[in-house]
Amino acid sequence: MLQIFSIYDFIPVIFLKERALKKPGLRILTVILASCLLASAPSRVRAGDDRLDRLEKEVTGLKQENEDLKKRLGDLEADQEEIRNNVGLLSKYLDVSGYADVQYDLTDSRTDNSKFRVRHLSFFFSKDITKEWKLFSEVDFEDAPRFEADRNSGNLKKAQGTVFVEQVYVEYRPSFSLDARLGRFHTPFGIWSIYHFPPYVPFQTNPLFFENTFPEVSDGIQLRYSFSVKDMPLDTNVYVSNGGGNAGGTDGNASKAVGARVNLEVVPGASLGGSYYRDRDNLNILRSSYGAHLLLSYKALKLQGEYVIRENEISSGPKFRDNGLYAALTYDLGKWTFAARYDRCRCNALDEQVAGSSLFRYTGAVNYHFAHNVVGKVEYDRTVSPDRSLDENRAIFAIAVAVGDL
Amino acid sequence: MGRISFSLLTVLVLALNIVAFNVEATGEPVAVIVNKANPAESLSEAYIKKIYTNGVLSWPDGVPITIYDLSLQDRVRAAFSEKILGMSADRVAEEWAHLKITNHAKNPPYTMKSEALIIRRVASEKGAIGYVSYSAAKNSQDVRIVNTLQ
């Protein structure tokens with residue numbers, strides 16, 4: 001019948017129902033109880049104030065502790081971050097990264113058919129041995145290789161695809177401007193020979209002159225020196241190698257190939273350069289390649305072009321010449337890249353080549369960058385040969401990904 | 001009534017999105033910082049671009065440059081990439097990845113997770129350069145602001 005509600009913990013409020021107040025006993029009891037509660041209120045207020053003060057102090061202390069913990073956590077994270085980034089430290093581990101691309105080729109070629117391809121699976125292994133010394137290597141698996149030997153005889157039963165040690169060298173870099181590489185490296189000639197990895201170029205196909213006017217890789221020693229000419233950065237490379245077709249221990253002749261490359265950045269976004277390569281091969285043909293390259297980029301637009309001539313001198317026959325060029329225009333629009341390439345080659349080594357005539361290829365490509373290391377590509381190539389029966393239309397649908405902390 | 005409320009709600013959400021987008025698009029200024037011991041008092045945007053694209057590898061006094069970047073998802077990095085390098089942060093990352101994958105990056109930037117860490121590194125290395133939001137750098141006694149990108 002009697003209901004007591006406490007609102008602020010020390011102020012009692014008594015609600016009496018009408019009928020209850022009519023009873024005298026209850027009325028007296030109510031008055032006594034109310035008096036007691038009211039009498040005790042000031043002390044309860046004081047006690048409450050003390051408690052509040054204590055709580056406030058505790059909260060302030062906790063806040064401070066929290067701040068200290070946050071700072072310590074931040075420092076710990078910073079230390080871990082530094083270790084992860086190897087800032088000022090050498091990693092204890094071998095760095096592994098790489099890329100892969102898979103594609104579907106749709107073609108009307110008479111000599112080829114439409115197919116799925118596991119095009120590349122490439123691994124890069126690098127290790128900073130000391131601040132100046134580094135080991136770098138690239139192992140490329142093309143077309144999902146499989147090699148199987150007969151259990152009893154050991155003879156090769158099945159072989160498909162390619163396993164290719166594309167690069168392996170020891171690098172000495174005393175400064176950012178200078179390095180020396182000893183081993184196998186991409187032949188530094190023009191632009192495409194160095195920068196051609198599928199996740200980072202809009203095309204899946206190589207320019208026609210590539211691999212037909214100079215070797216893709218060279219075994220030897222290379223020096224790079226970078227400096228500025230009137231505030232324009234200039235990169236130079238010189239190298240000596242076994243020469244084309246003479247990789248590893250298979251060098252079949254005493255002569256060595258020599259080469260050089262220069263690249264001048266005239267203004268940011270505009271580079272031009274030249275390359276030279278000279279080699280007497282195992283057929284005793286002296287091959288001298290000269291190249292010029294240009295790279296212009298303005299905002300989202302990029303123009304890249306290369307031109308190569310190769311003179312071939314045979315001791316017992318007439319000289320002959322290979323040449324090739326391409327020009328590629330790309331335009332970035334958000335996550336999209338649109339690209340077009342004109343490609344021409346008069347290269348005697350090409351399968352589709354008819355002596356003395358040029359082969360043409362017209363390429364259009366659209367890339368979609370799902371992330372900075374995942375790209376989807378659609379490419380169309382129209383190859384026009386002097387022998388029109390060899391003309392080809394090819395569409396390529398590809399996905400390229402790069403993996404590892406690049 | 002329900003439809004009107006729904007329409008109003010939609011308009012409100014859209015308005016909030018527009019406001020949020022504008023806030024993200026404008027953002028706060030980006031401060032480019034160097035070590036206190038670096039004699040450079042200010043650096044032009046063109047020179048900063050040269051540094052971040054490896055067109056310049058050392059300071060005029062010969063000290064090698066150490067470049068710091070924020071993580072790819074950071075809004076300050078997005079603003080810096082657009083303003084200085086004229087490209088989205090993703091595209092800049094692609095370019096670096098291509099250079100690193102070919103081992104042709106001369107002096108690639110170190111990516112740091114936080115602005116505090118960049119300030120810490122720049123403060124401790126004479127040749128270091130980095131960028132952080134202006135509010136993070138303005139009260140730091142250990143680094144010098146050499147350019148403020150609005």
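Me: How many helices and strands are there in chain A?
Reply: Chain A has 2 helices and 18 strands, where helices (H or I, at least four residues) and strands (E, at least two) are DSSP runs numbered from the N terminus. This is a predicted model, in which local features need pLDDT of at least 70 and side-chain atom pairs count only at pLDDT 80 or more, while totals for chains, interfaces and linings use all residues. Residues are numbered from 1 along each chain as its sequence is written, chains are lettered from A and ligands numbered from 1 in the order in which they are written, and side-chain values use heavy atoms, with hydrogens and water left out.

Me: And what percentage of chain A is buried?
Reply: Of the 406 residues in chain A, 38% are buried, which is to say under 20% relative accessible area, with exposed meaning over 50% and partly exposed in between (1.4 Å probe, protein chains only).

Me: Which cysteines does the disulfide join?
Reply: The disulfide runs from A:C345 to A:C347, with an S to S distance of 1.7 Å, and the count over all chains is 1 by the rule used here, namely a pair of cysteine sulfur atoms within 2.5 Å.

Me: Are those two buried or exposed?
Reply: Both A:C345 and A:C347 are buried.

Me: Why is the disulfide called left-handed?
Reply: The torsion about the S-S bond of A:C345 and A:C347 is about -45°, so the disulfide is left-handed.

Me: New topic: how many cavities of 30 Å³ or more are there?
Reply: The structure holds 1 cavity of that size, 30 Å³ or more, and the largest cavity has about 30 Å³ of space. On a 1 Å grid over the protein atoms alone, a cavity is a set of points where a 1.4 Å probe fits but cannot get out, and lining residues have an atom within 4 Å of a point. Grid points are joined across faces, edges and corners, and a volume is the space filled by probe spheres set on the points.

Me: Which residues line the largest cavity?
Reply: The lining consists of A:Q167, A:R181, A:F185, A:H186, A:P188, A:I194, A:Q222 and B:H104, and its largest share, 3 residues, comes from strand 7 (residues 178–186) of chain A.

Me: Over in chain B, which residues of helix 2 are buried?
Reply: In helix 2 (residues 45–52) of chain B, the buried residues are B:I48, B:K50, B:I51 and B:Y52.

Me: What comes just after helix 2 of chain B?
Reply: Just after helix 2 of chain B, B:N54 takes a positive phi of about 65°.

Technical notes. 1 Å grid on protein atoms, 1.4 Å probe; cavity = no way out; pocket = protein on both sides within 12 Å on 5 of 7 lines; lining within 4 Å.
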